[in-house]
Amino acid sequence: MEPMLIQDVLKILPHRFPFVLVDRVLSAGNGEAHALKNVTINEPFFPGHFPQEPVMPGVLIVEALAQASMFCLHEQLEPGTVGYLAGVEGARFKRKVIPGDQLHLHARLEFLRRGLGKTTCRAEVDGQVAAEATILFAVGKG
């Protein structure tokens with residue numbers, strides 16, 4: 001597939017500034033997705049999250065993984081369907097994410113049944129795992 005640029009991402013995700021945490025989707029299909037988040041010093045959270053040593057908050061990395069998860073199944077969902085975060089299991093943070101990093105978001109769909117789903121996710125920077133988690137979500141009309 002051709003990469004999905006931000007205009008296409010915004011057609012699928014309901015999020016808007018400052019909570020759109022997927023800049024591009026490099027690949028999506030067969031229950032897997034690979035997306036990008038370009039982390040810049042201009043992010044609204046950096047002035048308050050360790051201003052002397054800016055670090056992307058772990059909860060926002062998990063949110064980015066949850067958003068990337070929706071591209072695992074976007075072909076199966078009707079337009080206007082929204083994924084709501086229902087749970088996070090086994091979240092682990094292995095490396096800091098700082099301005100200038102490009103966060104590669106990988107998600108694999110484990111199941112989607114009766115409006116409930118689960119993805120296994122990892123975030124990488126320069127080929128190193130920065131975070132991993134299992135995301136649980138509920139899908140419904142937005």
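Which residues have the most contacts inside the largest nonpolar core? They are Val22, Met56, Phe71, Leu103 and Leu105, in a core of 37 residues. The model described here is predicted. In soluble globular proteins, nonpolar side chains tend to be buried together.

- Helix 2 gives the largest share of the core, namely seven residues.
- Leu105, one of the residues with the most contacts inside the core, touches several residues beyond four places away in sequence, among them Leu21, Val22, Ala33, Leu36, Ala64, Leu65, Ala68 and Ala123.
- The residues that Leu105 touches also include His34, Lys37 and Arg122.

**Helix 2**

- Helix 2 is mostly covered, with nine of its 12 residues buried.
- The buried residues of helix 2 are Leu60, Ile61, Val62, Ala64, Leu65, Ala66, Gln67, Ala68 and Ser69.
- The cover over these buried residues includes strand 2, strand 3 (81-93), strand 4, strand 5 and strand 6.
- The length of helix 2 agrees with expectation, because 12 residues at 1.5 Å a residue should span 16 Å and the end C-alpha atoms are 17 Å apart.

**Aromatic rings**

- The structure holds one aromatic pair.
- The ring of Phe111 has the charged end of Arg113 over it, at 4.3 Å from the ring centre.

Definitions and conventions: Residues numbered from 1 in each chain as written. Predicted model: local features only at pLDDT ≥ 70, side-chain atom pairs only at ≥ 80, totals over all residues. Heavy atoms only, no water. Core = buried A, V, L, I, M, F, W, Y, C linked by side-chain atoms within 4.5 Å. Buried < 20%, exposed > 50% of the residue type's maximum accessible area, 1.4 Å probe, protein only. Helix = DSSP H or I, 4+ residues; strand = E, 2+ residues; numbered from the N terminus. Contact = heavy atoms within 4.5 Å. Expected span 1.5 Å × (residues − 1). Phe/Tyr/Trp six-rings, centres within 6.5 Å; stacked < 30°, edge-to-face > 60°. Lys NZ or Arg CZ within 6 Å of the ring centre and 35° of its normal.
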